[in-house]
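This report describes one protein structure for a reader who has not seen it before. It begins with a single residue and then turns to the chain as a whole.

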Amino acid sequence: MDSVILPQVKNKCGDLTDVDNCRTMALSNAETKIFETVILRYISDAYDCDVYQFGFKKKHSTGMCTNVVKRTIDYYLRRGSYVFACFVDFQKAFARVNYWKLFSQMLEDGSDACLASLLAFWHSRQTLCVYWQGMCSEKFSVGNGTRQGGVLSPYLFTRFVRPLISAISQSKLGCNIGGLFVNLLAYADDMVLLSPSWRALQTLIKLLELWCSKLDIICITKKMSA
């Protein structure tokens, strides 16, 4: 099925010839949306580490994620402890989802091989075109990225970053409340690392760096703050 990409200007005062000043929005046709809706009913799953992800989940929100961060910090401050936090943002995270790494993850986790193969076939044969100022480019294939507004896109992205979240949440470093480690909280591609000690936070950042390298995700260092 074909989709159309609409470039959106990130900064009205920015240089339109600079690709970093644009964001893309992909539009799927009706057939694609129906197909993805059916597939989604068969591939939705849940893992323990998903409790740290607040993005694209029913009855979850940015406000809820922020509230958990505040409650965690208050818990430590009331006990006379420091809390160090590192706020993380990723560069065009949704556009950097690598299909083949994603589908390999699904197979390694025991997902239905037929569904993984179907998704691989579907995404490897999709074609896109760019529509800009009344002009439409020729069709071309893509090898990565989730479509903004796509039915499967939220699941595919959260599934792609699940190993990163799992590795950090299971590291047994950082904030701990009643035996539950609250060292990472995520709302889609926005994440925060929490630790009562600077050294442990440094270790968590290195672990984050390691998994970003494995997943080909790039952190925006200018937006990271601790």
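Does Asp 50 count as buried or exposed? Asp 50 counts as buried because its relative accessibility is 16%, where buried means under 20% relative accessible area, exposed over 50% and partly exposed in between, with a 1.4 Å probe and protein chains only.

## Basis of the model

This is a predicted model, in which local features need pLDDT of at least 70 and side-chain atom pairs count only at pLDDT 80 or more, while totals for chains, interfaces and linings use all residues. Residues are numbered from 1 along each chain as its sequence is written, and side-chain values use heavy atoms, with hydrogens and water left out.

## The chain overall

The protein chain has seven helices and 10 strands. These are DSSP runs numbered from the N terminus, with helices being H or I of at least four residues and strands being E of at least two. Of its 226 residues, 38% count as buried.

The accessible surface of the chain comes to about 13,000 Å², by the Shrake-Rupley method with a 1.4 Å probe, and for residues only the protein chains shown count as cover. Carbon and sulfur atoms account for 58% of that surface. Contact means heavy atoms within 4.5 Å. Among contacts between residues at least 6 apart in sequence, 70% join residues at least 24 apart.

## Salt bridges

A search of the whole structure finds three salt bridges, each being a side-chain nitrogen of Lys or Arg within 4 Å of a carboxyl oxygen of Asp or Glu. Asp 50 forms one of them with Arg 162, and the closest N and O atoms are 3.2 Å apart. This pair links distant parts of the chain, with Asp 50 in the loop between H1 and H2 and Arg 162 in helix H6, 112 residues apart. Arg 162 also counts as buried because its relative accessibility is 8%.

Another salt bridge joins the side chains of Asp 216 and Lys 101, at 2.9 Å from N to O. Asp 216 lies in the segment after H7 and Lys 101 in helix H3, so the pair ties together parts that are 115 residues apart in sequence. Asp 216 is partly exposed at 33% relative accessibility, and Lys 101 is partly exposed at 28%.

The side chains of Arg 159 and Asp 109 also meet in a salt bridge, at 2.2 Å from N to O. Arg 159 is in helix H5 and Asp 109 is in the loop between H3 and helix H4 (113–124), 50 residues apart. Arg 159 is buried, with a relative accessible area of 0%, whereas Asp 109 is partly exposed at 38%.

## Gln 53 in the loop

Gln 53 lies in the loop between helix H1 (30–43) and helix H2 (62–77). At 5% relative accessibility, Gln 53 counts as buried. The side chain of Gln 53 reaches two backbone nitrogens: that of Gly 55 at 3.0 Å and that of Ala 188 at 2.7 Å. Beyond its neighbours within four places in sequence, Gln 53 is in contact with residues including Thr 158, Ile 165 and Tyr 187.

Helix H6 (residues 162–169) is mostly covered, with seven of its eight residues buried. Among the buried ones are Arg 162, Leu 164 and Ile 165. The buried residues of H6 pack against several elements, including helix H3 (99–108), helix H5 (153–160), strand S9 (184–187) and helix H7 (198–215).

The largest nonpolar core has 47 residues; such a core is a set of buried Ala, Val, Leu, Ile, Met, Phe, Trp, Tyr and Cys residues joined through side-chain atoms within 4.5 Å. Phe 90, Leu 164, Ile 165, Leu 184, Leu 185 and Met 191 touch the most other members. H7 gives the most to this core, with six residues. Leaving aside neighbours within four places in sequence, the contacts of Leu 164 include Phe 90, Met 191 and Trp 211.

## Leu 204 in helix H7

Leu 204 is in helix H7 and is buried, with a relative accessible area of 0%. The C-alpha atoms of Leu 204 and Leu 173 are separated by 7.3 Å, although the two residues are 31 apart along the chain. Leu 173 is one of the residues in contact with Leu 204, as are Ile 168 and Leu 193.

Terms used. A polar contact is a pair of N or O atoms within 3.5 Å; within protein, one must be able to donate a hydrogen and the other to accept it, and residues adjacent in sequence count only if both atoms are side-chain atoms.
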